[in-house]
Amino acid sequence: MDLKQYLHELKKLVNIDCGTATLDGVEEVSRIIQHWYHSENWHCDRIALGEKVGPGLFATNKPDAEHYDVLLVGHMDTVFPAGTVAERPFSIEGNRAYGPGVSDMKSGLLNILWALREMDKATLERLSIGVAMNPDEETGSAHSHHWIGELAKRSRCVLVCEAARADGSLVKARKGIAGYKLMFKGVAAHAGNDPESGRSAIKALARAVLEISDLADMSKGTTINVGVVSGGVVANIVPEHAEMIVDVRFQDNDEYARVHAAIQAYSLRQFEREVKTTVQQQAHKPAMAPTADTEELMRIVEQAGVAEGVEVRWKSVGGGSDANHTAALGIPSLDGFGPIGAGFHSASEYLEIDSIEPRIRLLKRVIASL
């Protein structure tokens with residue numbers, strides 16, 4: 001492969017502000033990638049997913065196919081706000097590349113493209129390959145998971161090309177994720193002259209924080225984090241309003257059902273007299289757990305690793321991806337087929353440059369082995 005060209009293309013993608021809410025940036029990324037696929041004579045369509053997000057892209061070598069031997073998945077958005085590129089554009093220091101989305105997951109998108117660019121003609125004639133690229137994975141794929149799910153149900157397997165872990169591991173399992181906002185509506189009153197007339201929303205919130213935290217079960221991998229709290233106006237007014245944002249992670253989807261039911265029931269609770277509780281679910285990704293069919297796919301990947309001289313190790317991780325959704329549909333799904341990287345969602349995000357070419361070879365070999 002031409003690493004110089006790859007890095008030139010990577011720089012072009014990284015130096016575009018394309019947080020999920022930066023719709024024009026996601027749109028620009030989609031236009032560039034669509035042009036690259038058209039240049040390789042692949043069919044590539046824009047997919048309208050609503051006014052709140054940018055477009056999706058779907059590329060395939062066989063536009064008339066009803067089913068796909070493999071669905072490759074990646075996302076075009078990042079978590080970073082507009083202006084991040086100006087602060088820290090694409091750069092290279094030694095063996096590492098830096099910049100917003102460099103490993104999560106601009107390089108993963110490019111690894112898909114390069115693996116397909118270098119695929120031999122016989123393999124492309126034998127296999128039906130689909131590539132789904134969505135604009136909103138970083139906010140839970142709320143607008144795209146149904147579209148990706150329908151494609152997955154028409155596919156034998158799904159390979160998500162998020163970055164390999166820092167130690168090179170691929171991902172066989174991911175925790176599920178759920179997010180909630182709890183709002184508390186009390187009664188304002190003067191804290192000095194008339195406190196007995198007030199009903200403190202913050203006091204209710206404090207009780208709820210303790211109770212919701214007790215729903216965690218570390219023995220089953222279920223964690224709960226109240227990560228954001230707010231409320232009140234000034235110290236001498238009994239607070240009328242308070243709210244909190246809750247993050248739930250789980251390895252077992254039955255655990256999600258337990259916690260979800262308990263949190264939803266809070267809407268019927270008064271944690272403080274005459275303080276109303278409102279619950280809003282903001283996100284949900286089911287847990288990604290390997291099945292017997294997934295383990296068979298893992299063996300194919302391991303054999304491809306041996307053939308290419310790439311050590312294949314597996315890891316279960318806490319963060320979610322689109323593999324969570326496709327695995328929950330019963331489709332064999334694996335993740336981590338991008339280059340090695342770390343520091344995701346932070347200013348220290350990096351990509352190991354010397355992992356690019358071996359991981360392209362691995363992905364190419366896995367696809368050809370199907």
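I call a residue buried under 20% relative accessible area, exposed over 50%, and partly exposed in between (1.4 Å probe, protein chains only). The model is predicted, so I take local features only at pLDDT of at least 70 and side-chain atom pairs only at pLDDT 80 or more, while totals for chains, interfaces and linings use all residues. Residues are numbered from 1 along each chain as its sequence is written, and side-chain values use heavy atoms, without hydrogens and water.

Entry on helix α8.
I looked up H260, which lies in helix α8 (helices are DSSP runs of H or I, at least four residues, and strands are runs of E, at least two, numbered from the N terminus). H260 has a relative accessible area of 19% and is therefore buried. I find H260 touching Y180 and Q281, leaving out residues up to four places away in sequence; contact means heavy atoms within 4.5 Å. D254 also sits in α8, which spans residues 253–264. D254 counts as exposed because its relative accessibility is 59%. I noted 9.7 Å between the C-alpha atoms of D254 and A287, which are 33 residues apart along the chain.

Entry on α2 and α4.
Helix α2 (residues 23–39) packs against helix α4 (residues 102–117) at about 10°, with axes 11 Å apart. Axes are lines fitted to C-alpha atoms, for helices over the stretch in contact, and angles run from 0 to 180 degrees between N-to-C directions. I therefore record α2 and α4 as roughly parallel (angles under 35 degrees). On the α2 side the contact includes I33, W36 and Y37; on the α4 side, L109 and R117 are among the residues involved.

Note on methods. Parallel < 35°, antiparallel > 145°, perpendicular 65-115°, else oblique.
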